[in-house]
Structures are given as C-alpha cells and as structure tokens.
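Work through the exercises below with the coordinates open. Try each task before reading its solution.

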Amino acid sequence: MKKILFAVLLAMLAVSQAYADEVKVTKAWTRATAPGQDSASVQLTITSKKDATLIGVASGSAQSGEIHSMVMEGDVMKMRALESLPLPAKTPVTLGADGNHLMLIGLKNPLKVGHKLPFALTVKFADGHTSVIRVLAVIKPLETTGNEGHEHHH
Ligand SMILES: [Cu+2]
C-alpha cells in the first residue's frame with residue numbers, strides 16, 4: 001500500500017515537473033482565515049511560455065474555486081466570476097494586484113499561518129492541450145496587507 005502511494009506521488013511530481021517548463025507560478029499566497037470565514041482569496045503571479053488561458057482553479061481543501069475580477073458598479077467594487085483569464089506568452093500575469101484574484105470557496109478547514117494551501121490551476125494552451133499546475137500557497141497572517149485592497153463578501 002505504501003509502495004503504491006509512493007509511486008503515485010512520484011508520478012505526480014514528474015507530471016508537475018513537466019508542466020513547470022510551460023507555466024511558472026510564483027509568489028502564491030493567501031491569508032489565514034478569520035473565525036467563520038470559509039473562503040480564501042489567493043494571489044500569485046503566473047507566466048506561460050506560450051499563449052494560453054487560465055480556465056480553472058480547484059483545491060482538495062475547498063468545495064469550489066473561481067477566477068474573480070473586481071468591477072466598479074457606480075461607487076461600489078464588486079466581484080465577478082470570470083470564465084477564463086488570458087495568459088499572453090512570456091508575460092507575467094499577477095492575480096491580486098489589479099483586482100483579479102483566485103477565490104477558493106467552501107474551505108474544509110481554517111487556514112493557519114505557517115501552513116500551506118495546495119491548489120491546482122488548469123491552463124489551456126493555444127494548441128488546445130490542457131495542463132494542470134499544482135501550487136502551494138503560503139498562508140500569511142490575517143492582517144497582512146497586499147496589493148488587493150478590498151473586502152470579500154460572498
Ligand atoms: Cu473574490
């Protein structure tokens with residue numbers, strides 16, 4: 001049993017290595033959750049070597065994941081779920097700085113400082129093939145200020 005798990009783990013590592021050549025994710029982080037908070041906004045920078053589109057986010061630690069953008073409706077900032085987000089070749093796309101971010105909804109456990117939140121991004125390349133990139137987000141203290149200056153209401 002242990003042997004099988006180890007083999008699966010190795011296979012997963014090999015896969016993420018291969019994808020790492022095509023898409024690079026850096027500075028992935030989120031905040032620790034406040035009591036009762038069950039969603040997390042994840043920030044990161046993603047760079048694809050080829051023209052691609054981010055089409056999904058998912059985590060075993062959450063019920064669902066969405067790509068969010070912030071839009072002004074009159075004087076009010078609102079979050080809107082995006083179907084996809086373009087990743088132009090060799091251009092770092094920062095999720096978090098300009099209002100776009102990833103949202104993990106329905107967290108199964110509170111996020112604690114010092115732990116890491118695993119999640120996976122699904123990227124579709126211009127040639128039609130799809131890759132899943134596994135990422136670990138660093139969990140920072142709740143009061144950490146980032147580029148994203150808004151509250152989340154779900
Ligand atoms: Cu959001």
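**Exercise 1. The metal site**

Which geometry does the site of the copper ion have, judged by the angles among its four donor atoms?

Solution. Start with the ground rules. This is a predicted model, where local features need pLDDT of at least 70, side-chain atom pairs count only at pLDDT 80 or more, and totals for chains, interfaces and linings use all residues. Residues are numbered from 1 along each chain as its sequence is written, and side-chain values use heavy atoms, with hydrogens and water left out.

Step 1: collect the donors (N, O and S atoms within 2.8 Å of the metal, or 3.2 Å for Na, K and Ca; water is not among the atoms, so sites may look incomplete). The copper ion is held by ND1 of H68, SD of M79, NE2 of H101 and SD of M103, at 2.1 to 2.4 Å.

Step 2: check the angles. They run from 97 to 138°. Four donors count as tetrahedral if all angles lie between 85 and 135 degrees. Four count as square planar, and six as octahedral, if opposite donors are over 155 degrees apart and all others between 65 and 115; anything else is irregular. The site of the copper ion is therefore irregular. For reference, ideal angles are 109.5 degrees for four tetrahedral donors.

Step 3: H68 sits in strand 4 (residues 62-73) and M79 in strand 5 (residues 76-82), eleven residues apart, and the pair links distant parts of the chain.

Step 4: compare exposure. Buried means under 20% relative accessible area, exposed over 50%, and partly exposed in between (1.4 Å probe, protein chains only). H68 is buried at 3%. M79 is partly exposed at 23%.

**Exercise 2. The fold and its confidence**

How many helices and strands does the chain have, and where is confidence lowest?

Solution. Step 1: count elements. Helices (H or I, at least four residues) and strands (E, at least two) are DSSP runs, numbered from the N terminus. The chain has one helix and ten strands. The order from the N terminus is α-β-β-β-β-β-β-β-β-β-β.

Step 1: read the confidence. pLDDT is the predictor's confidence in each residue, from 0 to 100. Its mean over the chain is 86, and 80% of residues reach 70 or more. Helix 1 (residues 2-20) has the lowest confidence, with a mean of 60. Strand 3 (residues 52-58) has the highest, at 97.

Step 2: look at packing. Of 154 residues, 36% count as buried. Contact means heavy atoms within 4.5 Å. Among contacts between residues at least 6 apart in sequence, 70% join residues at least 24 apart.

**Exercise 3. Charged pairs**

Solution. Step 1: apply the cut-off. A salt bridge is a side-chain nitrogen of Lys or Arg within 4 Å of a carboxyl oxygen of Asp or Glu. The structure holds two.

Step 1: take E22. Its side chain meets that of K50, with N to O at 3.5 Å. E22 lies in the loop between helix 1 and strand 1 (23-31), and K50 in the loop between strand 2 (39-48) and strand 3, so the pair ties together parts 28 residues apart in sequence. E22 is buried at 16% relative accessibility. K50 is partly exposed at 37%.

Step 2: take E73. Its partner is K78, with the closest N and O atoms 3.3 Å apart. E73 is partly exposed at 44%, and K78 is partly exposed at 40%.

**Exercise 4. Backbone angles**

Solution. Step 1: recall the background. Most residues other than glycine have a negative phi.

Step 1: read K27. Its phi is positive, about 50°, although K27 is not a glycine. K27 is in strand 1 and is exposed at 66% relative accessibility.

Step 2: read K90. Its phi is positive too, near 60°. K90 is in the loop between strand 6 (85-87) and strand 7 (93-95). K90 is exposed, at 66% relative accessibility.

**Exercise 5. A neighbour across strands**

Which residues does L82 touch, not counting those up to four places away in sequence?

Solution. Step 1: locate L82. It is in strand 5.

Step 1: list the contacts. L82 touches I67, H68, S69 and N100.
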